Amino acid sequence: MGNCLKGSRADDISLLPEAGEREYSSTSNPASSHLNLNLGQERSILHSPVSSYHLKPNLSEEEQIKIAKRIVLINHLPIGTFGGSGSSSASAESKECVICMIEFVTGDQIRYLPCLHIYHARCIDDWLIRSLCCPSCMEPVDAALLVSYDQD
Amino acid sequence: MAEPQSSLLLKKQLGELNKNPVEGFSAGLIDENDIFRWEVLIIGPPDTLYEGGFFKAHLYFPKEYPLRPPRMKFVTEIWHPNIEKNGDVCISILHEPGDDKWGYEKASERWLPVHTVETILISVISMLADPNDESPANVDAAKEWREAYPDFKRKVARCVRKSQEDCS
């Protein structure tokens, strides 16, 4: 509670473009500028929200690699369709995505975390880029996965 | 252009809080056309030094909400170790999520996208009742709270009185 070290933001290196300062690596491609405005539409085409992430061109190589690794890691997490024939019991229990607070509807793309919490893929993927933990139970996502991936 | 997720989510919360008010605070918008800037009135929690006070505060949500936290600032003068003299609230759940590999160790103390106006205010109200003097935002208030409690109490009492006058 109430924790506020003056320097505590120093480790919050934001690797993500903030509102108003979004920049795209390929400014010559006019299509990319629509990405920001039509995320919903764009995403349904891409089927993989994280792949639509554009990195800040001024990121260090190390930071870019870090984000790229994280995107690969996120894409290793199982994805499914809400209400689909292959859906597990977890999706039958959860009624809404606690990030956007909108009820799941049949056909929504769902991401399954190792702790079995489920979210809209478009909601959780953007979060996992920022913090690799489940927003509901704070379970890391996932140390084991990360280690196994690093060894690949 | 479709309405962004952040504004839909905030509208939903505002509607819900209007329909089912939560004890301890009331919430609305600073400007009814701007869903990203909220004004809340916090009732000084009972059995604390702040009891009887009415503290106005503003919440400023980023467009990336709920992926990023809002900022919170008390507009009513308030004397508290974790609130800066200019009113800025310093509470760990409003800190940007960490992004380093080991950041998850403290992830639960930081911002999470499941936080709502309600959960933020519950944390702030509990902070009023129970200051954290390990990393104060108002060093003078923290020092008084630790070493000169009667002075601290007097200053808070003054703020409480002032807040009542402002509201009447």
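1. Conventions. Residues are numbered from 1 along each chain as its sequence is written, while chains are lettered from A and ligands numbered from 1 in the order in which they are written. Since the model is predicted, local features need pLDDT of at least 70 and side-chain atom pairs count only at pLDDT 80 or more, whereas totals for chains, interfaces and linings use all residues.

2. Chain A. This chain has six helices and five strands, the elements being DSSP runs numbered from the N terminus (helices: H or I, at least four residues; strands: E, at least two). From the N terminus on, their order is α-α-α-β-α-β-β-β-β-α-α. Of the 152 residues in chain A, 24% are buried, a residue being buried if 20 or more other C-beta atoms lie within 10 Å of its own, exposed if 12 or fewer, and partly exposed in between, with C-beta atoms placed from the backbone. Among the contacts in chain A with a separation of 6 or more, 51% join residues 24 or more positions apart; two residues are in contact if their C-beta atoms, placed from the backbone, lie within 7 Å.

3. The sheet of chain B. Four strands form an open sheet in the order β1-β2-β3-β4 (chain B), with antiparallel pairing, where two strands pair if DSSP finds at least two bridges between them. The edge strands, β1 and β4 of chain B, each pair on one side only, and the twist averages 25° from one strand to the next. Seven bridges link β2(B) and β3(B) in the antiparallel sense, and Val40(B) stands opposite Ala57(B) in β3(B).

4. The helix on the sheet. Helix α2(B) packs on the sheet, touching β1, β2, β3 and β4 of chain B, and its direction makes about 40° with that of β2(B); axes are lines fitted to C-alpha atoms, for helices over the stretch in contact, and angles run from 0 to 180 degrees between N-to-C directions. The buried residues of α2(B) include Val117(B), Ile120(B), Leu121(B) and Val124(B), together with Ile125(B), Met127(B) and Leu128(B). They cover an arc of only 155° around the axis, which puts them on the same side of α2(B), the arc being that of the directions from the helix axis to the C-beta atoms. What covers them includes α1 (5-19) as well as β1 (25-29) of chain B.

5. Arg161(B). This residue lies in helix α4 (residues 149-167) of chain B and counts as exposed because it has 12 C-beta neighbours inside 10 Å.
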